[in-house]
Amino acid sequence: MNKQYTMHVISGTHWDREWRYSAEQSKLRLVDLMDSVLEILEQKSSFRSFCIDGGMVAVEDYLTLRPENNARIKALVENGKLKLMSWYTLPDMFTVSPESIIRNITLGRQMANSFGGAMAAGYTSCSYGQTSQLPQIYRGFGIDTALYYRGTNQYELPSLFLWKGMDGSELHTVRTFDDITRANWYFNVHYPLVLGKDFLDLSYKFNKNEQPCHLCDGESYERPFALLHEDGTFKNDAASLKKALDAIRRHAEPFAIGRHMLALNIEDNARPYEPMPEIIDALNAISPDIDIVQSSFDEYFSAILGDHGNDDLFVHNGEARFPGVAPGFNGLYGATHSSRVKLKLMNDKAETALINFAEPLASIGSNLGFEYPASALARAWRVLLQNHAHDSICGAAIDRAHEDMIYRFSTAETVGLEVAARSLAFLQSKIDTASHFSGSDYTITFFNTLAVERDEIVQIVADIPECTDMEHFDIVDENGNIVEHKIQSVDSARVAVERELDTSTWFSSRRWRILIRARVPAMGYTTYAIRPRKPVLIEHPISTERKLIAGAGGTLENEHMKVQINSNGTFNIYSKDTGREFRNLHYFTDYGQTGSAHLSVTPRRNPVVTSLGGSADIIMEQSSTLRGEYRIDLCMRIPAAATQDNGDRLREMKDLPISTRLILDKGSKVLKIKTRLSNSSRDHKLQINFPTCVDTNFAVAESAFAIEKRDFRWRETGDNLEECYTFQPMMNFVDINDGQIGLSFLSKGLREYEITDDPDRNLAITLLRTHRDYMTANREMNPDELDRYTGMHSFGDFSYDYALYPHAGDHVDADTLHTAYAHKIGIRAVQGIPHPGDLPCSASFFTVKPADKIMVSALKQSEDRSGTILRLWNMSGEKLKASVKTLLPLESATRVRMDETIIEPLPFEGGIFSLNLEPHKIESILLTPYGQSDEVESKYGMDGRKLN
């Protein structure tokens, strides 16, 4: 007999690769878990399916210790019993780069496909909020359903809704439960029937019959107790079953979609409970109107969408960053973007090395004869994506796990920089510099990987052999025109030479540090030369043209701004472009913090220390007609820690030395800032502040393939689970403007901003946030343990690189996004000698139009190595006719999805193709070299599916 309702029980494990344990410690536990999964699924036909939440990295880790079980996993996946993720790791999408999100799904699906395929539904269980472009990203991989919980609450979003991305892409989306997210079956049924515990009773009652075992020496006592004998039976009496059935019904029925209820049994690191089918049978026997079935995400989506049309679905547009309201586990946990800041800075460097240097330069080179180092880059991406698991990148794990991350970041960055260096050397060798420069010249070729033309002051370090007669020189372009430059210093050096015939050699050189004004085409290069000359003697030395950028009174001034440094270390910026002055910028505030990686918690008594009342040493470092630089040294006295009970900040004070360099270049609209500090205090949050006094209630910030407009006005939250989040995530910039004038903060790795709802409209950037809570077996640490584990306190030296950009108009008028990327991604320079080649002295490898509205997200080799992927993002709200011109020897251009399956060919003639870009659309183009087009067509169908 058909019952009125169906309850879908979905079993799985939320595998935290590194959290309470390091990844290597977790592998041994993972073996225990996966061994039991395979055994149960193989031997028990009634146990229908089990989901490995946590990403394909869990399967990969397991197979490092159980490689012999590869075929067993494959068989279970193909039989539909073992459910795999589309992700490699489950990242926090507001902390990692947009391109990293795509690569994460790409790798995850490649791995899942090797076992028989991932589940069809998208699943982002632990991103701390959901990015607005996730619907478009998922649809780019053929995913049209999704499930998540963080960033939602039942007061903002219904259980089933239609989520629309910025480009109009749609996802049927399910939000889970506010109180226990993905474990309502676990706590309402498993807890009382199997464990004899009440709902959400997380305590353990010591039971000698379970043979508790614990390492108790001084080195090991912090490990958790192990139970050597657990009774796996469940309470099968009518009263206990009815109580559990009533509990799960009360919890699931209010969120039922039509006649379908959802019961999730996906707890952290949980093994499958072998008698699960028997529990379901027992509950079904006493259930008058609910048919309880063991199900999967895809079966659940098929059922609810089969019964529910689109007509009356609630539509949600944009990102999901709603704080938690009802008590429970479903908080936004929006403080993760500032915990263990050093990890965020290292991640940004690694991502930049791979995405913005190694891949585009190697891709260009591969179309000219360079061997694309696919395996090396794949390895670098793999270790980087391992660090993007949510507990890893958010800084919530134990110290050992985060120490392991440092090696992975170093590996990814090192590989990226090495690939970039080898690619640059190859490309420079292909340029015909002999036609424009003479044998006595030393060439300098500048490379720009951005899709916009650059005109910047660049520092080079040129090593000229000591035997060379080079006392005086000019720097000239290919037409012999003298290029603006200034010599900063000259020193003697011994320079290593890498050669095949001699493994250890060097030469003596004179090392010239030179500032050069370099004009470099978009996604291209230009070549200048150091040309020796005779000395030029001046008979009439008076000049009216010399305009030094740094002045003796603590000023920096160029064509666009004047900076005045104040005695307390703050500074004022007068924008000549707008006539607006921003005053008292860049002061520091230090607050108490005693929370966790996820939550910002302040002591009950929380005195805030500022740098406003202090004094600073102000030192001019350099001044020329091309660059001015000041150093500002100050020292704050801040509390050493908070009290053990988190009630107050200690009266003991410690020094916090801070040194800041302000750098202004000729012609630049950006004030570059480099700050160094040394932290020895605990339990605090340090911010830099920029009072803008801009009359607006909104800020805009870069997110994943999006520029989000966020209202920063204070919100009353009463007794809600989470208070108003005044701090928000950003990628590479945050901007506050009123449509007429604005101020942008340009970031390299800093991920958190805050704007105060007061007349100052103060923009604050978090430099570091330490915290108290720590994931060990001991949920409360004694003073000895607090001294032993200090990673969450971020002790040590920090270096930050950021910039300020005062501008007219809004962020679109100011092209803030490209400006931020120009600050983030430097111009590379290669020294050489004149030689023949096939390429001109200066050129663009790719010219993308309209350049001010389109970002190039990636230039990389396609996954099947048949060509090059050029990924474009229309960052505007306009429909664009985009055109791309290339000088590379390419034969065809084809639109592909993000998974690189074909959509349609594009007309391609004379190295030019064009396409329509819908507003906010992300488009991937497969560019194939001569001789590859037929092979591509034979491998792919034209309906978006691979043929083999």
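Predicted model: local features only at pLDDT ≥ 70, side-chain atom pairs only at ≥ 80, totals over all residues.

Biologist: Start with helix 6. How many of the residues of helix 6 are buried?

Modeller: Ten of the twelve residues of helix 6 (residues 184-195) are buried, so helix 6 is largely enclosed by the rest of the structure. The buried residues include Trp185, Tyr186, Phe187, His190 and Tyr191.

Biologist: What do the buried residues of helix 6 pack against?

Modeller: They pack against strand 1 (5-14), helix 7, strand 10 (260-268), helix 8 and strand 11 (290-295).

Biologist: And which residue follows helix 6?

Modeller: Gly196, with a positive phi near 65°.

Biologist: Back to Trp185. Leaving aside neighbours within four places in sequence, which residues is Trp185 in contact with?

Modeller: Among them are Met7, Val9, His190, Ile248, Met276, Ile279, Leu283 and Ile292. Trp185 also belongs to the largest nonpolar core, which has 169 residues. Together with Met7, Ile73, Phe297, Phe846 and Phe913, Trp185 touches the most other members of that core.

Biologist: Which residues are in the second core?

Modeller: That separate core has 51 residues, including Ile573, Leu664, Leu677 and Phe745.

Biologist: You mentioned helices 7 and 8. At what angle do they pack?

Modeller: Helix 7 (residues 238-252) and helix 8 (residues 276-286) pack at about 90°, and their axes are 10 Å apart. That angle makes helix 7 roughly perpendicular to helix 8. Helix 7 contributes Ala238, Leu241, Lys242 and Leu245 to the contact, and helix 8 contributes Ala282, Leu283 and Ile286. By class, that contact has six nonpolar residues, no polar ones and one charged.

Biologist: What about helix 1 and helix 3, how far apart are their axes?

Modeller: The axes are 11 Å apart, and helix 1 (residues 23-43) packs on helix 3 (residues 70-78) at an angle of about 50°. That makes helix 1 oblique to helix 3. The crossing of helix 1 past helix 3 is left-handed.

Biologist: Which residues in helix 1 and helix 3 meet?

Modeller: On helix 1, Met34, Leu38, Glu39, Leu41 and Glu42; on helix 3, Arg72, Ile73 and Leu76. These divide into five nonpolar, no polar and three charged residues. Ile73 is also one of the core members already listed.

Biologist: Next pair. Are helix 10 and helix 11 roughly parallel or antiparallel?

Modeller: The axes of helix 10 (residues 341-366) and helix 11 (residues 374-386) come within 11 Å and cross at roughly 155°. The two helices are therefore roughly antiparallel to each other. Helix 10 passes helix 11 in a left-handed crossing. Helix 10 makes the contact with Asn347, Ala350, Glu351, Leu354, Ile355, Ala358 and Glu359, and helix 11 with Leu377, Ala380, Trp381 and Leu384. The residues of that contact are eight nonpolar, one polar and two charged.

Biologist: Different topic. Where does Gly791 lie?

Modeller: Gly791 lies in the loop between helix 14 (783-788) and strand 38 (796-808). Its relative accessibility is 26%, so Gly791 counts as partly exposed.

Biologist: Which residues is Gly791 in contact with, apart from its sequence neighbours?

Modeller: Leaving aside neighbours within four places in sequence, Gly791 contacts Arg340 and Asp399. The C-alpha atoms of Gly791 and Glu403 are separated by 8.7 Å, although these residues are 388 residues apart along the chain.

Definitions and conventions:
Residues numbered from 1 in each chain as written. Heavy atoms only, no water. Axes fitted to C-alpha atoms, helices over the stretch in contact; angles between N-to-C directions. Helix = DSSP H or I, 4+ residues; strand = E, 2+ residues; numbered from the N terminus. Parallel < 35°, antiparallel > 145°, perpendicular 65-115°, else oblique. Left-handed = near helix turned anticlockwise from the far one by under 90°. Contact = heavy atoms within 4.5 Å. Nonpolar A, V, L, I, M, F, W, Y, C, P; charged D, E, K, R; others polar. Core = buried A, V, L, I, M, F, W, Y, C linked by side-chain atoms within 4.5 Å. Buried < 20%, exposed > 50% of the residue type's maximum accessible area, 1.4 Å probe, protein only.
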